Amino acid sequence: MVYCKKCVYPIISVNLEIGEDGICSSCKTFEEFNSLTSYDWEEKKKKFEIIVEQIKKNNKSNYDCVIPVSGGKDSYYQTHKIISDYKLKPLLVTYHGNNYLPEGDFNRDNMRKVFDADHIVWGPSVEVLKKLNILGFEKMGDMNWHAHCGIFTSPIIIAAKFKIPFLIWGEIPWDISGMYKANDYPEFSARVRHEHGLRGYEWQDFIHHKDIKILEKDMIWAKYPSDEEIVKLGIRGIYIGNYFKWDPNEHSKLMQSLYNWKPLEGNFQRTYRKISNLDDRYESGIHDLLKFIKFGYGRCSDHASKDIRTGYLSRDEAIKLVMKYDHVVSDDLYYWLKYIGKDENYFWKIADKFRDPRTWKIKDGNWIKENVDGSISSYGKVHLTPDEIDLFNKKNK
Amino acid sequence: MKKRRLIPVLLIKNGMVVQSRNFKEFQKIGMVKTSVKRCSEWGSDELILLDISRENKYDLNRDDLNFVNNNSFIDIVLDISKSCFMPITVGGKIYSLKDIENYLVSGADKVAINTSAVLDPKFLDLASKKFGSQCIVNSVDVKLINNKYIVCINNGSEVSSYELKEWLKISEQNGTGEIFINSIDNDGRGNGFDLELINLVESNINIPVVCCGGAGKFEHFLEVAEKTNVDGIAAANFFQHVDQSVFLTKKILYEKNFNFREPRFLKI
Amino acid sequence: MLNKICIIDYGSGNQKSLYNLIDYLGYNVCLSRDQQDISNSSHLLLPGVGSYADLMEKIKSLNLDDLINEHVLIKKKPFLGICVGMQVLSTLGNENVRTKGLDLIEGEVRIINSFGLKIPHIGWNNINLKKNSFLENKILFNLDFYFLHSYVFDLKDKNNAIGFTEYGETFPSIINKENIWGFQFHPEKSQEAGQLILKKFFHF
């Protein structure tokens, strides 16, 4: 397994490209943005202000823009920028996937108290969500598919319904894979939503299961508007990360001091950071554990790689953290199993089907892989049937 | 009256669409199938698919997606032919007449030949006689060296001994049907097309020309349409980051009366 | 009678795209050179990319010319030649080497006289349809079709021209004689326009 020479990402990382010099696309994109001068950022800010002018000029709706928010530190930062710096009136829209941690609940509900903004929270029926948790897990090894879908669809549906052309998003998506350059100015794209966010699945793929019944009318929050609708209304999703320097640690400090935004009390089990993913207990938990089960790396690798780039960690320190956290089976597994009414055996039997032969091998009935420090470790029993093991070994060739 | 063409280019490296800068730095964009579908839905006039993989390995690197993991470039072409009903030019790793035939049978309307043509111009002649000139596109990558445009090969990594003007003559004499001219210097920079290069090619050849390299905003396309007579305007990175990009670009060109087809959304 | 479309398989050319489109449109379609399949079909298609001589050589070497004569001339099955497939319907082709064609519609294929415009003719162009033609359709003929050729069909009988396109000279882009049709453009690549016109042809 080849790893980036600078950070701790393996070459198998989703959408990552490692160049001939051994440095990955995520590091390179970070470097590019990091070496922009204050003049460059001034120019970028001016570009954003042109957009603000367009928002003000063409606005026929009651609201100036939609801000999709989860209640996280970034949501607060985006809202703060739009209201305080640009004096616009946004409509906050949240997709509620029913996975909030208590601090996340507080932060989300606090938004319209600390910001002078209306807030729509769209939560699909919990019964439907539980079914989607199961189907997402069984289909593609991700119980959180519904959340990726909801977050990237419901705000656009609301924007279309209220005829609000602009949506203001925050960090440019897929910066963890470095999929764009500083001069690309990517906007929200249905293509990226579909193939990267939703892995190529849409609501139609979830309504035909013979045992788990979901109807079309249960999925209206998941139906992305047509091209014609988008173009007719001129709907555009703008990432402020294109125009302003993105610094999550700074944002979190600022949001805590200005608006009493709460980080996690206590610690996450699978990463050392406490300021991310409070809106979904599984994001650093079992949803991310499944990333480890598939590809052999986890959320700690994501955070540590970012912190290497900003100089907060050395590569050796990062490696130690990755070895400590990436593989941890967190307690939210049991919370989830109770939520959907299944047992632990069910989890491992299905999860193991998604082990990727590009990372994993089977030895003495256990899963083994090469680590970022070059060592090889065993990571637990294989929960596959003999036929499934055969199939896996064939793929491994 | 024949219209001018707006053409998205998909660079495919090891099975995925990538974007490039100066032919050296690559970033993943996504699945070939989705990009092709979007370009179709946005009413592109043609599509150019170039295989720029250095090794013969095609792999999406994961198995949990709702996409077929094709193991060869031909399989990719066959796969997209199932749902792409617009003209496609396919290029990359064309070494023999059999390679050309394989692409044409799999769904390509034209093939783009680059390095093989420079190494042996007679190959162009044989290809155009067998398959017809209209199928044969000569994809030409150039770099400005000592104030002259020099033809480069092997994905821009090697400099040939041909100066552009000289090469264009040879290419046309050997039966090429169309020139696809790519500026390595402007590639991925987003600072505009190389108008001087385009006009140089236009005035030194009697076959249709498609230009590429440097698109960063809508205005760049207007510049090319206005200041050159080029038949086709192509871009790779530019169409990937904004929805309905092709449609919106066409709309601007159409509304300014530059003789492009009316922009339409299509069902496939 | 249920439509069964047969695309004549001569081993090369852009058959897959045509097959995929007709399948996508919901028709029963096969790609074959088998006597039985051709016999059972309601419509026959001959697609073509490449050169006139190359296509004729393949047709002759597989004895497809006899099959075509039997089902098209004698049994009068609706038959459509596309691009080079239309050109080989002629008496004679002049691309590189003078080659005899299928002689199903009299005429010769020669290089286009584009009056200085660049050759090949590559891109989207419109078609002026003869009035009261079977293919007439308001939407259809406001759209453009995709052309990719350097040679055009010089018809002996100008009445065989149903649609005309201008590229320097005005040449026949749709030809017809009884059950035999020819499209100089590529319907399988002409997006909406192509799909509409194929569906019209399948009603013939």
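Reader: Which side chains form a salt bridge with B:D63?

Author: The side chain of A:R358 pairs with that of B:D63 in a salt bridge, 3.3 Å from N to O. A salt bridge here is a side-chain nitrogen of Lys or Arg within 4 Å of a carboxyl oxygen of Asp or Glu.

Reader: What sort of model and numbering is this?

Author: This is a predicted model, in which local features need pLDDT of at least 70 and side-chain atom pairs count only at pLDDT 80 or more, while totals for chains, interfaces and linings use all residues. Residues are numbered from 1 along each chain as its sequence is written, chains are lettered from A and ligands numbered from 1 in the order in which they are written, and side-chain values use heavy atoms, with hydrogens and water left out.

Reader: ok, how many salt bridges between chain A and chain B?

Author: The count is eleven. Chain A and chain B also have 26 residue pairs in polar contact, both residues at pLDDT 80 or more. A polar contact is a pair of N or O atoms within 3.5 Å; within protein, one must be able to donate a hydrogen and the other to accept it, and residues adjacent in sequence count only if both atoms are side-chain atoms.

Reader: How many residues are in contact there?

Author: 42 residues of chain A are in contact with 37 residues of chain B, where contact means heavy atoms within 4.5 Å.

Reader: And what area is buried between chain A and chain B?

Author: About 3,200 Å², with carbon and sulfur atoms giving 44% of it. Buried area is the accessible area (1.4 Å probe) that two parts lose on being put together, summed over both.

Reader: Switching topic. Which domains does chain A have?

Author: The assignment gives domain 1 (25-33 + 264-396) and domain 2 (36-242) of chain A; such bounds come from an automatic or database domain assignment. The C-alpha centres of these two domains lie 26 Å apart. The contact takes 32 residues from domain 1 of chain A and 40 residues from domain 2 of chain A.

Reader: What do the two domains bury between them?

Author: About 3,100 Å², 58% of it on carbon and sulfur atoms. On the domain 1 side, A:F33, A:D279 and A:Y339 supply 25% of the area buried against domain 2, more than any other three residues.

Reader: How many salt bridges across that interface?

Author: Two, by the rule. A:K306 and A:E171 form a salt bridge through their side chains, at 3.6 Å from N to O.
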